[in-house]
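Below is a short briefing on one protein structure.

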Amino acid sequence: MISVRKLTLYPRRLKSLFKLPVLYYNYRKGHTKVVGAYPDRLYIEATNLCNIDCIMCPTGLKMLRREKGFIRLDLFKKVIDEMAPHVKTTTLHIWGEPLLHPELIEMIRYAKKQKIRASISTNATLLHEDKSLALLDSGLDEIYLCLDGVKKETYEAIRRRADFEGTQRNIQRFIELKAKRQQQNPFVDIHPYVNVQIIEMAPTKAEVEEFTKLWMRPGVDKVNVKPFDAWANQVKEINQLRDQKPSVNLKNRYPCPLLWYHAHVYWDGTMTCCDRDYDAKYPLGNVAEKGVMAVWNGEKMAELRQKHLDNNLKDVPSCHKCTEWSWWRPGPFTARGNSPEPKG
């Protein structure tokens, strides 16, 4: 017998099936205002505050100049209410550590109530048992647990002010708590989907293989080796962490698909092209005032899409020297980006 819940999800899945070809059509035709579709994915910044200082992050390097804060619950609900009928997944982090937000659990529960998948990425330093249990109770669909190293000296040189043993214990305990629930409910798929993550860069390169073997254990759904993101080549100290230079010709660039497929909303409601505009130097508008779609399809976004179509990006700091656009060429039924094209 088909459950009532599955029946209610069918219209959403059908809508999603048709959305990707419509988005692809708009992208290929170079429409500066998307007609007939919503973004495929919604990113919401819970906070841009962080408790550690990572060397591959503009936040950790104290480079963010925009105001620090937490998204208000009423603004979060306003965004979710508008977008949940049209977007499958929201990611509740952009910059900062989401576990710092005092209302994160309520935010996840609200997103789930509105039938939108919820995902977070965390440095796991604050993932103590009470927080782990709350996340398991919240309905969270996916979590990225970031560690970056198998050696204490490697990890603590990258994620400064973090404790290697403490973070390992937090991650292992979270996995154990989820596994215990799975054992108690063997016929139910217990969320969240667990990714243990390492960023592949010069300081971690020699440890990636060992890390993958070490964390490929029961309770871990995926060991995620995340490609190094230089944040549009804006920060010299971060560029130096590359394990290899990108082989991308900026003269042959094509319009970045992110502008047609994703929406990024910062904690104060500011929308940007993507997370590489970490300081909101090219703001597109504020969703608290206008709503998400009014900004995503507004004049500033249309102007930026046209700049990409014309390859005229000298006045857009987050796009001018960016090479990450090359990580993704969408197709009529595919909308997965943010990873380099496979070699060979």
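Which residues lie nearest the centre of the largest cavity? In this predicted model, they are Cys256, Cys274, His308, Cys319 and Cys322.

**Cavities**

- The structure holds three cavities of 30 Å³ or more.
- The largest cavity has a volume of about 90 Å³, and its lining is made up of 13 residues.
- Two helices, H9 (258–261) and H13 (317–320), each supply at least two residues of this lining.
- Sorted by class, the lining of the largest cavity has eight nonpolar, two polar and three charged residues.

**Helices H2 and H3**

- Helix H2 (residues 73–83) packs with H3 at an angle of about 20°, and their axes are 10 Å apart.
- Angles under 35 degrees count as roughly parallel, so H2 is roughly parallel to H3.
- The crossing in which H2 passes H3 is right-handed.
- On the H2 side, the residues in contact are Leu73, Phe76, Lys77, Ile80 and Asp81; on the H3 side, they are Glu106, Met107, Tyr110 and Ala111.
- By class, this contact of H2 with H3 has six nonpolar, no polar and three charged residues.

**Helices H3 and H4**

- Helix H3 (residues 104–113) also packs with H4, at an angle of about 10° and with the axes 9 Å apart.
- That angle makes H3 roughly parallel to H4.
- H3 and H4 have a right-handed crossing.
- From H3, Ile105, Ile108, Arg109 and Lys112 take part in the contact, and they meet Ala134, Leu135, Asp137 and Ser138 in H4.
- The contact of H3 with H4 has four nonpolar residues, one polar residue and three charged residues.

**Helices H4 and H6**

- The axes of H4 (residues 129–138) and H6 (residues 164–184) come within 10 Å and cross at roughly 40°.
- H4 and H6 are therefore oblique to each other.
- H4 passes H6 in a crossing that is right-handed.
- Glu129, Ser132, Leu133, Leu135, Leu136 and Asp137 are the H4 residues in this contact. Their partners in H6 are Arg173, Phe174, Leu177, Lys178 and Arg181.
- By class, the contact of H4 with H6 has five nonpolar, one polar and five charged residues.

**Backbone geometry**

- Most residues other than glycine have a negative phi, and most peptide bonds are trans.
- Where is Lys115 found? Lys115 is in the loop between H3 and strand S4 (117–122).
- The phi of Lys115 is near 65°, which is a positive value in a residue other than glycine.
- The peptide bond from His191 to Pro192 is cis, and its omega is near 5°.
- Pro192 lies in the loop between H6 and strand S7 (193–200).

Note on methods
Residues are numbered from 1 along each chain as its sequence is written. This is a predicted model: local features need pLDDT of at least 70, side-chain atom pairs count only at pLDDT 80 or more; totals for chains, interfaces and linings use all residues. Side-chain values use heavy atoms; hydrogens and water are left out. On a 1 Å grid over the protein atoms alone, a cavity is a set of points where a 1.4 Å probe fits but cannot get out, and a pocket is an open set with protein on both sides within 12 Å along at least five of seven lines; lining residues have an atom within 4 Å of a point. Grid points are joined across faces, edges and corners, and a volume is the space filled by probe spheres set on the points. Helices (H or I, at least four residues) and strands (E, at least two) are DSSP runs, numbered from the N terminus. Ala, Val, Leu, Ile, Met, Phe, Trp, Tyr, Cys and Pro count as nonpolar, Asp, Glu, Lys and Arg as charged, and the others, Gly among them, as polar. Axes are lines fitted to C-alpha atoms, for helices over the stretch in contact, and angles run from 0 to 180 degrees between N-to-C directions. Angles under 35 degrees count as roughly parallel, over 145 as roughly antiparallel, 65 to 115 as roughly perpendicular and the rest as oblique. A crossing is left-handed if the near helix is turned anticlockwise from the far one by less than a right angle, and right-handed if clockwise. Contact means heavy atoms within 4.5 Å.
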